[in-house]
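Hi,

Here is the structure I promised to pass on. Have a look at it first, and my notes follow below.

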Amino acid sequence: MFELVVIIGALICSWFYINFKRRYDFASELPNLEPLYPVIGNANIMIGTNDLQRFENLVNVFQRSERLLKVWNGPFMLLFINHPDLVQQILCSSACLEKPFLYGFAGFKTGIFTAKYELWRVTRRRLDPCFNTRILHGFIPIFEQCSRQLVNRLNELKDGATVNIHQYTSVTTLEMACGTTLGSNILARDGKEEFVHGLDVAFDGAAKRMASVHLYWDFIYRLTDHHRQLKKARKVVCDFFNKLVVERRDILGMNNNNNDQADEEYQKPKILIDQLLSVSPDGKAFSEVEVRDNIYAVITGANDTSGLLVAHAVLFMCFYKDIQQRLYEEIMEFVPTNDIDLDAETIKQLVYLDMFLNECLRHCPVAPNVARENMAEIELDGVKIPAGNIFLMNFYALHRRKDIWGPDAEKFDPENFSKERSKNRHPFAFQPFSGGSRICIGWRYAMFSMKVTLIHLVRNFQFDSKIKPEDVRYRFDLTMKLPFDHSIQIIKRNASDDATKASVILEKR
């Protein structure tokens, strides 16, 4: 009996080895990340490390890779890419529009962020009109209303108070997102802060699972505290959304009795929730799960990324007072008083603000890590790669390549985005929102909302911080997060003596 068990075990191992070798034989000539350990492969860069070490280990691996590197996460092989030529090839290839199983760990699998290719293709086509230029320009008054509310909240603080600015910007971007995509005013709604916290826990939980190969299998993952915490956090988020959807459904009435009228209404630009609750001319409607998952994808994407980036931007202004002053002078030139209503044309004239925001995104891309899976064979650097392989790109490392950004690539300098410096730069050297057909659907939305928020913040306050540039580190997550609070000193401006007041307050510190 024992001999039979040994034989069966040997046959099973042989079968796995032969299939494993056959699957990855194409990559035999590609360089391996060293050192390479039995069983775990290169998973040591994630195992037994904290979130800060994971982030830095991953970046170091990408920076050691000139073009294409083979990395083993246990039995799973990943192809690391860190050259703009290859990044462009992957992001623009019709064969690489699939997202790998790793994205499923974020949950809400029918949403546009994590959906498999066939579902994503249909969903993207139906939701693209919700983010066209005309609609985005119409959102500017809502962005302004929420930004003014943010200014009011900060004005309630004592002059010179120190706060975690991210707590304020995250709530503001949530208000913007709900107002523009759900048609809901949530300025006085309970549960905003709990939602933001739940969102942070949900993102953190998904990132931890991506970094832990032993949690890839559901039957193991469901036994862990990670799963219980993630489930609880997602319930908070979904409960918040569900109330808003019910309210919007009641407002719409959903009474489309006249087919001609329904067709005509479908063609009109709609905010996200109205499009999700509508029926297309061919009679297709989003399921309840698809409505929920797409709201989660868009609202959380808008909230977590924009709120976080604005907080990062304020911190960069604290580090570089000359940049903060130049932003203020430009904004005062085009928006001299708080009573002026912004429009797209005015925002477009703020060239230095645009350069500054792009430099913030270079240092803190919305999603530092992006993965794709090829649905058909492709060729990279002379290697034919069969379908079903996973490519991982790290835009944080890409944005620091000295052969592209110069010897001072680590330096924060908005002039990197001047016309002169940008003229001959590789089109895929800067990927703050990913690229190609699966670029973030709301990237233009994010740029408008962040610019409006920063205009109002800089127009009304000066910022300082005890945090220094050398203190800044990031933790491994789906987005770029600090391991500590964005502790910012808020100094109120006055039209006549704002400079004098600021210097007095700063001298007292």
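A word on burial to start with: I call a residue buried when its relative accessible area is under 20%, exposed when it is over 50%, and partly exposed in between, using a 1.4 Å probe and protein chains only. Please keep in mind that this is a predicted model, where local features need pLDDT of at least 70 and side-chain atom pairs count only at pLDDT 80 or more, while totals for chains, interfaces and linings use all residues. Residues are numbered from 1 along each chain as its sequence is written, and side-chain values use heavy atoms, with hydrogens and water left out.

First, the cysteines. Cysteine 178 counts as buried because its relative accessibility is 0%, and cysteine 146 is buried too, at 3%. A disulfide here is a pair of cysteine sulfur atoms within 2.5 Å, and searching the whole structure turns up zero of them. For cysteine 146, the nearest cysteine sulfur belongs to cysteine 178, 9.3 Å away.

Now the chain overall. It has 20 helices and nine strands, taken as DSSP runs numbered from the N terminus (helices are H or I with at least four residues, strands E with at least two). Of the 509 residues, 55% are buried. The chain exposes about 23800 Å², with carbon and sulfur atoms supplying 54% of that; accessible areas come from the Shrake-Rupley method with a 1.4 Å probe, and for residues only the protein chains shown count as cover.

Next, arginine 401. You'll find it in the loop between helix H16 (395-398) and helix H17 (402-405). Is arginine 401 buried or exposed? It counts as buried, because its relative accessibility is 7%. Its side chain makes a polar contact of 2.9 Å with that of aspartate 403. (By polar contact I mean a pair of N or O atoms within 3.5 Å; within protein, one must be able to donate a hydrogen and the other to accept it, and residues adjacent in sequence count only if both atoms are side-chain atoms.) Setting aside neighbours within four places in sequence, arginine 401 is in contact (heavy atoms within 4.5 Å) with Ser65, Glu66, Asn82, His83, Pro84, Gly406 and Ala409.

Last, isoleucine 47. This residue sits in the loop between helix H1 (2-24) and helix H2 (51-64). With a relative accessible area of 48%, isoleucine 47 is partly exposed.

Cheers
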